[in-house]
Amino acid sequence: MSSEHHKKPHPSLQDALESLFGTTLGQSASLISLPGGSRLFSAGDESDHLYLLRSGRLGAFRHDEDHDELSLIGIIRPGEPVGEMSLIAGTHHTSTVIALRDSDLLAMPREDFFDAMESKPELTLALARKMIARAKRETPNVTPNVFAFYALSEQPIRPLIERIAVQIRELGYRVAILDKDFHGTAPEAFTQIEADNDYVLHIAECHESHWRLLSARQVDHVFLLADASQKPNPTASAWEKSLLHRAPDLVLLYPEGVAKAHTPGRTKAWLDVIKPTRWFHIHHHDVSGAARIARIVAGHSVGVVFSGGGARAFAEIGAIQALREAHIPVDFVCGSSMGAILAASLALGWDEAEIDTRIRDAFVNSSPLDDIVMPFISMVSGAKVDKRLEKHFGEVQIEDMPLPYFCLSSNLTTGALKVHKTGLLRQALRASISLPGVLPPVVEDGEVLVDGAVMRSFPATMMRNTHLGTVIGVDVTRARGLDPRALHVPKNLGAWFARGDWRRGPPIVSVMMRSATITTAADLAMSRAATDLLIIPEPEGVEIRDWKAYDKAVESGYQTTVATLSQLDSPVTTLRKLGHSVHPNIPAFTPDDSYIAATNAPPSQKTRK
């Protein structure tokens with residue numbers, strides 16, 4: 001007589017937890033009702049309970065040191081445990097957990113939980129699987145899908161939100177819009193609406209305060225919409241901010257025919273009152289503006305990151321041209337060092353001709369670094385650079401720029417990165433390109449600021465934390481190895497001066513530039529891993545102070561971008577969402593350009609228009 005032995009299926013974690021909390025062992029568990037926006041615990045708190053989420057939704061946050069704010073790293077849904085990793089490890093909580101909805105939880109004291117684990121091995125096994133899965137998850141579960149749009153001004157916002165919903169549907173998603181008619185809806189009904197749709201948009205007009213109070217406790221993220229032509233009321237959003245688990249986004253709306261950021265200083269006034277995480281400038285009837293917000297909501301937004309690299313960074317101009325030819329939208333822009341200047345030209349919306357004219361005038365037609373002085377602080381006075389930045393960037397404030405933008409400098413006073421998200425653009429750029437020993441540092445608020453590439457030449461990780469969409473990185477860091485030929489000391493100084501080679505600076509400039517911006521392979525690998533589409537131009541023979549090699553560098557950036565885009569089998573806007581990345585398999589560092597030419601086939605050529 002034969003018998004078949006059937007393998008018993010492993011119990012699910014939810015079944016194991018339901019069994020635990022529903023047995024005698026679980027009678028010590030207590031019910032906790034957590035209003036949306038309130039904290040369950042903070043990072044550093046003692047871990048003394050196991051929690052089971054019964055209804056609602058929780059968010060796990062960690063402190064983002066780059067942006068000095070809480071960053072969402074995971075979403076916890078009904079049936080999932082909370083705090084189990086710290087409880088089992090016997091450590092304090094490493095993250096902050098905040099209710100994203102009105103939520104109900106069961107809480108079991110630590111001692112009762114450990115007693116239960118001894119008698120319920122299936123619970124131990126299920127929890128172990130969950131912990132391993134969370135630890136191995138490369139992309140944290142941080143996809144919000146319920147957004148609120150609250151008006152701070154009298155202008156109705158529903159027409160704009162309906163256009164945003166249309167744009168989200170065109171991306172292939174189901175969308176529901178909830179307004180004041182849903183006031184009084186039960187939590188279970190909200191849950192069902194979320195289950196039936198990919199995205200849910202809550203709308204509250206300016207005076208719909210009761211609906212807004214309920215709505216704010218049911219959403220993942222909030223956009224506050226304000227009339228940019230009006231001055232902010234200092235108390236406009238004080239009570240709203242107290243409900244939110246994190247800073248909102250701000251959308252400044254402009255009447256038709258009025259230029260964005262038309263009143264200098266008006267954006268800053270709104271920022272001082274709202275203190276948003278991000279802010280956007282759009283016209284009420286601007287289809288492209290509605291499409292941008294739709295991409296941001298759906299995780300289809302595109303952020304572009306430019307590295308430093310001296311004259312080699314001109315390759316990023318070619319990348320801009322190729323991206324525009326391919327009709328790839330750009331929603332966020334950042335850069336460091338010379339990349340900060342080229343990123344600014346993109347964020348300001350300059351067309352190809354304007355970028356070419358301005359960059360040639362500022363850096364190519366004549367050297368910006370030939371006002372050599374006695375090197376007490378630096379080799380040049382920096383006066384020429386200051387004048388050229390003022391000529392081309394004027395009085396533009398970063399917060400007024402059409403696209404969200406930031407650049408980096410290195411704070412020698414505090415030893416930390418300085419992120420320039422507001423303030424005078426040309427002053428931020430001046431700090432970001434101030435190579436130690438070459439240009440005088442910038443002193444701001446009693447702190448000494450130098451080139452951003454000293455601490456981070458390629459800020460892709462920071463861009464990745466800025467939005468949920470694709471990150472495109474254009475990095476010339478690899479090609480910045482110092483060629484020994486650049487150290488050649490001219491034998492005939494008279495001829496050196498006669499040829500004008502002195503305007504590039506003596507060879508020591510190359511040594512200083514390279515020494516001040518050197519990065520480790522580990523740092524570079526981490527930055528590159530943060531991109532979804534990595535473009536690495538190879539401007540062969542272009543030395544970091546070779547400003548006259550402009551055309552060669554631009555063409556290299558264009559051809560490399562075209563070749564990289566040709567490798568894609570899905571739209572750029574979906575790369576991060578689909579988990580598809582394009583990273584060339586090349587070494588992190590190469591000794592000089594001759595090595596590049598010998599070991600890498602040239603990118604496919606495309607005829608320029």
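In this predicted model, helix α5 (residues 158–170) packs against helix α10 (residues 287–298), with the two axes 8 Å apart and an angle of about 60 degrees between them. That's how such a pair gets described: two packed helices are given by the angle between their axes and the distance between the axes. Angles from 65 to 115 degrees would count as roughly perpendicular, and those under 35 degrees as roughly parallel; α5 and α10 are therefore oblique to each other. As for handedness, the crossing of α5 and α10 is right-handed. On the α5 side, the contact is made by L160, R163, I164, Q167 and I168. On the α10 side, V287, A290, A291, I293, A294 and V297 take part. Sorted by class, the residues where α5 meets α10 come out as nine nonpolar, one polar and one charged.

Next come the aromatic rings. The count of aromatic pairs comes to nine. A pair of this kind is described by the distance of the centres and the angle of the planes. Take F314 and W547: their rings sit 5.9 Å apart, centre to centre, with 65 degrees between the planes, and the pair is edge-to-face. F314 belongs to the loop between β15 (302–306) and α11 (315–325), while W547 belongs to the loop between β22 (533–535) and α20 (550–565), so this pair ties together parts that are 233 residues apart in sequence.

Zooming out to the whole protein chain, the secondary structure comes to 22 helices and 22 strands. Of its 609 residues, 55% count as buried. Contacts in the chain can also be sorted by sequence separation. Among those with a separation of 6 or more, 80% are between residues 24 or more positions apart.

Conventions. Residues numbered from 1 in each chain as written. Predicted model: local features only at pLDDT ≥ 70, side-chain atom pairs only at ≥ 80, totals over all residues. Heavy atoms only, no water. Axes fitted to C-alpha atoms, helices over the stretch in contact; angles between N-to-C directions. Helix = DSSP H or I, 4+ residues; strand = E, 2+ residues; numbered from the N terminus. Parallel < 35°, antiparallel > 145°, perpendicular 65-115°, else oblique. Left-handed = near helix turned anticlockwise from the far one by under 90°. Contact = heavy atoms within 4.5 Å. Nonpolar A, V, L, I, M, F, W, Y, C, P; charged D, E, K, R; others polar. Phe/Tyr/Trp six-rings, centres within 6.5 Å; stacked < 30°, edge-to-face > 60°. Buried < 20%, exposed > 50% of the residue type's maximum accessible area, 1.4 Å probe, protein only.
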